[in-house]
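This briefing is meant to be read slowly, with the model open beside the text.

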Amino acid sequence: MTASSQKGIIFNIQRFAIHDGPGIRTTVFFKGCPLRCWWCHNPESHKILPEKIDGCNLRRGFDQSFSMDKDEVGKEISVDELMYEIIKDRVFYEESNGGVTFSGGEPLMQPEFLKEALVGCKANGIHTAIDTSGFASTEILNDIAQSTDLFLYDIKLMSEDEHQNYTGVSNQRILKNLIEVDKLGKKIIIRIPIVPEITDTNENLYAIRGFISCLQNIIEIDLLPYHRIGEGKYKKYGRENKMGETKSPESDNLENIKKFFSDLKCKVKIGG
Ligand code: SF4
């Protein structure tokens, strides 16, 4: 185990996760995200600093030895403390070809902490994945990629204007970085949120398929249906929910989209 006093802010550790990469995984949720996607179901992840939110009670994912206060979202933790939590489940990673996924929020917003955690995992022979929006400097991404086995990389909208409107940022850097990660030969799972009338339009899906068909290292495409489970959190935290009454996509539509991407000859899944 590496010795590191580098600290970062996370808001959850989810053990036995099976939707964030291969095998049984521990998913570490970093606090802070530069995007503001209308459909985000983790609004508590947006601000980078810990917050007090009445009644949020996010403790359940944490081991008892590492619990937050009931109303606290986000906790400072050192790499050594995090590695202690991660290594507890090593036997499950080994038996299932699993590992650790760093998610959020956006893990690339805390690059030094992330890098040291990744290096700690690699030193312990643990498979590493990053779940990212790709919105970071290319320099940071290249550095982080050295210790990352797998990228779970979101593509939301190909139109720059729509991306700006629905997420608050341009998609130019995100798409450029995806090409960079592909050039490095890293395995990539593309994750596409399927949000009715926003991301599920023919125009957007054709554009996404065209873009990723030129990449060499896509091993899987995950279609992530919009759902309303985050709705209550927006009310509870007093934050604006721009999705209104939008419903989850119909299962027939999801199957059609799955078929549409199957031409790319990689695994396509509905859900993570
Ligand atoms: S990138 Fe993910 S965490 Fe950030 S706002 Fe969008 S959905 Fe939420």
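Helices α1 and α3 cross in a right-handed way, a crossing being right-handed if the near helix is turned clockwise from the far one by less than a right angle, and left-handed if anticlockwise. The model is a predicted one, in which local features need pLDDT of at least 70 and side-chain atom pairs count only at pLDDT 80 or more, while totals for chains, interfaces and linings use all residues. Residues are numbered from 1 along each chain as its sequence is written, and side-chain values use heavy atoms, with hydrogens and water left out. Helices (H or I, at least four residues) and strands (E, at least two) are DSSP runs that are numbered from the N terminus.

**Helix packing**

- Two packed helices are described by the angle between their axes and the distance between the axes.
- Helix α1 (residues 79–87) packs with α3 at an angle of about 40 degrees, and their axes are 10 Å apart; axes are lines fitted to C-alpha atoms, for helices over the stretch in contact, and angles run from 0 to 180 degrees between N-to-C directions.
- The helices α1 and α3 are therefore oblique to each other, given that angles under 35 degrees count as roughly parallel, over 145 as roughly antiparallel, 65 to 115 as roughly perpendicular and the rest as oblique.
- The contact between them (heavy atoms within 4.5 Å) is made by V79, L82, M83 and I86 of α1 together with F113, E116, A117, G120 and C121 of α3.
- Helix α4 (residues 138–145) packs with helix α6 (residues 172–183) at an angle of about 30 degrees, with their axes 10 Å apart, and that makes α4 roughly parallel to α6.
- On the α4 side this contact is made by T138, L141 and N142, and on the α6 side by K176, N177, E180 and V181; α4 passes α6 in a right-handed crossing.

**Aromatic rings**

- The structure holds seven aromatic pairs, where rings of Phe, Tyr and Trp (its six-membered ring) pair if their centres lie within 6.5 Å, and planes under 30 degrees apart count as stacked, over 60 as edge-to-face and the rest as tilted.
- In one of these pairs, the ring centres of F30 and F113 are 5.3 Å apart and the ring planes are at 45 degrees, so the pair is tilted.
- This pair links distant parts of the chain, since F30 is in strand β2 (residues 25–30) and F113 is in helix α3 (residues 111–123), 83 residues apart.
- F30 and F113 are both buried, where buried means under 20% relative accessible area, exposed over 50% and partly exposed in between (1.4 Å probe, protein chains only).
- W38 and Y166 form an edge-to-face pair, with 4.7 Å from centre to centre and 70 degrees between the planes.
- W38 in the loop between β2 and β3 (51–52) is 128 residues apart from Y166 in helix α5 (residues 160–167), and this pair too links distant parts of the chain.
- W38 counts as partly exposed at 21% relative accessibility, whereas Y166 is buried with a relative accessible area of 16%.
- F30, F102 and F113 form one aromatic cluster.

**Charges over rings**

- The charged end of R209 sits over the ring of F260, 3.8 Å from its centre, where a charge sits over a ring if NZ of Lys or CZ of Arg is within 6 Å of the ring centre and within 35 degrees of the ring normal.
- R173 lies over the face of F135, at 4.5 Å from the ring centre.

**Two buried residues**

- L114 lies in helix α3 and counts as buried at 0% relative accessibility.
- Leaving aside neighbours within four places in sequence, L114 is in contact with F30, F102, P107, L108, I130 and I144.
- M158 is placed in the loop between β8 (150–154) and α5, and M158 is buried with a relative accessible area of 18%.
- Leaving aside neighbours within four places in sequence, M158 is in contact with N171, L175, N204, A207, I208 and F211.

**Backbone details**

- Most residues other than glycine have a negative phi, and most peptide bonds are trans.
- The peptide bond from G104 to G105 is cis, with omega near 10 degrees, and G105 lies in the loop between β6 (99–103) and α3.
- N97, a residue other than glycine, has a positive phi near 55 degrees; N97 lies in the loop between α2 (90–96) and β6, and N97 is exposed with a relative accessible area of 63%.
- E197 is not a glycine, yet has a positive phi of about 65 degrees; E197 is found in the loop between β9 (187–194) and α7 (202–212), and E197 is exposed with a relative accessible area of 71%.
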